[in-house]
Amino acid sequence: MAEALLEVKDLVKHFPTKSKGMFSKRTGVVKAVDGVSFSIKRGETLGLVGESGCGKSTTGRLILRLIEPTSGEVAFDGTDVRGLGKRDLRALRREMQIVFQDPYASLNPRMTVGQIVGEPLDVHGVPNGGGKQQRIQELLDVVGLSAYHAGRYPHEFSGGQRQRIGIARALAVNPKLIVCDEPVSALDVSIQAQVINLLQDLQANLGLTYLFIAHDLSVVKHISDRVAVMYLGGLVELASKEALYRSPMHPYTQALLSAVPVPDPERKKHRILLEGEIPSPINPPSGCRFHPRCPHAQEICSAEDPAFTEVETGHFIACHRSRERAFRCLSPKGRTVAKRLTTSTLA
């Protein structure tokens, strides 16, 4: 079994809220990430999915300490990331990089492509001269661009090309882990496939490890080894992609998968529609975060927060009901929908 490269335990990030005015006071906290735990093995891709605002991107930034956690533990290759000083943290960031979501906002418009890709080399003390220029050319080549692109500016490139530049910048210092923060969500579908294939080729050739953050379950299924589902600041399910797409256990995961488009106009799609609004992270519901929208919540769901437990080998779920018990509680029509959902996600 592969060794864990990254281990996250009880990660928490609360943002304070303040009243308006000259003498503003703290009025509460936004519980953006509230007790997240997972690990990523070397060479693995862990997909992190969920609705917008659930805390996915914040989790990725907390791991890299682009945002300081409120509490929790982050261990990278055996090193406590939270305990590092500025100098040691800068050195560690050679091993941990990020590809941002927006390829238009993440590149400095005043810098040429060569300057953008070469900046990490300068920051981490890579010698200047011919060696640096050769490295920049190698990086552009490996992401599908040419050496003559180094003298151009970001506005001269398409969205897909800009994202390739962002990937080249992340690769500059030979990292082990790359946090991919929705790297294809701003791109056209045809370009998405090209970037995903590029990321997979780079992983195979360079031995990279990915935390792949996305909301598109089709993309996550294609690139991930395991998938973690996030809801309102916490994980509700974690499993291999085969197990999760074949047999989702949590009601929220089932609802998400039922919304995935099926590329067959003749196949009837059965949607699981969730009632109610997503609760506010400022005042999350007591007990299970999902219980106000859960189709078969019980009294215990509003009283106790379910533990994130392993119900099958490698399959974790935060729910008071086991899969079998939840299935029995469904109506006959609900059972039919659940069965059809399971078979449709295999396509």
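**Exercise 1. Work out whether Cys-288 is buried or exposed, and how far its sulfur is from the closest cysteine sulfur.**

Start with the surface: Cys-288 has a relative accessible area of 11%, so it is buried (buried is under 20% relative accessible area, exposed over 50%, partly exposed in between, with a 1.4 Å probe and protein chains only). Before going on, a word on the source: this is a predicted model, where local features need pLDDT of at least 70, side-chain atom pairs count only at pLDDT 80 or more, and totals for chains, interfaces and linings use all residues. Residues are numbered from 1 along each chain as its sequence is written, and side-chain values use heavy atoms, leaving out hydrogens and water.

Next, the sulfur: the closest cysteine sulfur to that of Cys-288 sits in Cys-301, 6.0 Å off, which is too far for a bond (a disulfide is a pair of cysteine sulfur atoms within 2.5 Å). Searching the whole structure turns up zero disulfides. Cys-54 is buried too, at 5% relative accessible area.

**Exercise 2. Find how many residues of helix H9 are buried.**

Go to residues 251-258, which make up H9 (helices are DSSP runs of H or I, at least four residues, numbered from the N terminus). Then check each one: eight of the eight are buried, leaving the helix mostly covered. Among them are Pro-251, Tyr-252 and Gln-254.

**Exercise 3. Say which residues of H5 meet H6.**

From H5, pick out Gly-160, Arg-164, Ile-167 and Leu-171. Across from them in H6, the partners include Ile-191, Gln-194 and Leu-198 (contact means heavy atoms within 4.5 Å).

Terms used:
Helices (H or I, at least four residues) and strands (E, at least two) are DSSP runs, numbered from the N terminus.
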